[in-house]
Amino acid sequence: MADTFQILLSGVALGFSIAAPPGPVTALAAQQVVARSWLSGWLVLLGATAADGIFFALTFYGVTRFVGPALRSILFAIGGVLMLYLAASTVRNARGRERGTPLPRGGRWTSSGKSPFLAGLTIGLTNPFQLAWWVAIGAGMVAEFGSSVAVGFFVGILSWTLIFSAAVHAGVTRYERLAPLVSYASAAIMAGFGLWFLGAGVLTAVT
């Protein structure tokens, strides 16, 4: 019983370790909370959690051991382009809301009610740092605990997604002036990660 509880707590801690650090997913989730609703922000995080579920399965079956520089370079490039696109869409939509104009139809990743989950899933699958966590830490976690760690691990991630979405929503609801700041800060973070990803992709490809 003690071992089971220890594995559960270890899984929760590891879940927080991958979900809590600020990154492109949390930036997009914060933007969605401001632009649409608490639910949209949470769906972005839930999509990224689904990506972690896929990585968990791949790690369990040993697939992540075969991730080489070529694949990492491709993921960096895809992730960088996606981050820059989302950053531009966020700024465009934020400016539109300030002017009271309708959201552009083209910004479907940040405007459509059906896309937050897919956006989170896409970012999660193309985020090279998320993949690196699974190669460096996730592989060891699975090797140590096996599939028994899955419950605690995803409880930790899902707990963080709820806490983060609720905290951003509560802050924006109480202090409305924070809304544009959150949108532009989210765009800046996503743009920064986009440039970082592209640069890292080029370095990975040439080395």
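This is a predicted model: local features need pLDDT of at least 70, side-chain atom pairs count only at pLDDT 80 or more; totals for chains, interfaces and linings use all residues.
## Basis

Local features need pLDDT of at least 70 and side-chain atom pairs count only at pLDDT 80 or more, while totals for chains, interfaces and linings use all residues. Residues are numbered from 1 along each chain as its sequence is written, and side-chain values use heavy atoms, with hydrogens and water left out.

## Helix α2

Helices here are DSSP runs (H or I, at least four residues), numbered from the N terminus. Helix α2 covers residues 24–35, and its end C-alpha atoms are 16 Å apart.

Eleven of the twelve residues of α2 are buried, so the helix is largely enclosed by the rest of the structure. Buried means under 20% relative accessible area, exposed over 50%, and partly exposed in between (1.4 Å probe, protein chains only). Among the buried residues of α2 are Pro24, Thr26, Gln31 and Gln32.

## Aromatic pairs

Rings of Phe, Tyr and Trp (its six-membered ring) pair if their centres lie within 6.5 Å; planes under 30 degrees apart count as stacked, over 60 as edge-to-face and the rest as tilted. By this rule there are eleven aromatic pairs. The rings of phenylalanine 16 and tryptophan 160 have centres 6.3 Å apart and planes at 65°, so this pair is edge-to-face. Phenylalanine 16 lies in helix α1 (residues 2–19) and tryptophan 160 in helix α8 (residues 150–174), 144 residues apart. Phenylalanine 16 is partly exposed at 29% relative accessible area, whereas tryptophan 160, at 18%, counts as buried.

Phenylalanine 56 and tryptophan 134 also form an edge-to-face pair, because their ring centres are 5.9 Å apart and their planes are at 90°. The pair ties helix α3 (residues 38–60) to helix α7 (residues 128–145), across 78 residues of sequence. Both phenylalanine 56 and tryptophan 134 are buried.

## Nonpolar core

A nonpolar core is a set of buried Ala, Val, Leu, Ile, Met, Phe, Trp, Tyr and Cys residues joined through side-chain atoms within 4.5 Å. The largest one has 42 residues, of which Phe56, Met83, Trp134, Met141 and Phe153 touch the most other members. Helix α8 gives the largest share of this core, eight residues.

Contact means heavy atoms within 4.5 Å. Leaving aside neighbours within four places in sequence, phenylalanine 56 is in contact with residues including Trp134, Met141, Val149 and Phe154.

Terms used:
Helices (H or I, at least four residues) and strands (E, at least two) are DSSP runs, numbered from the N terminus. The expected span of a helix is 1.5 Å times one less than its number of residues.
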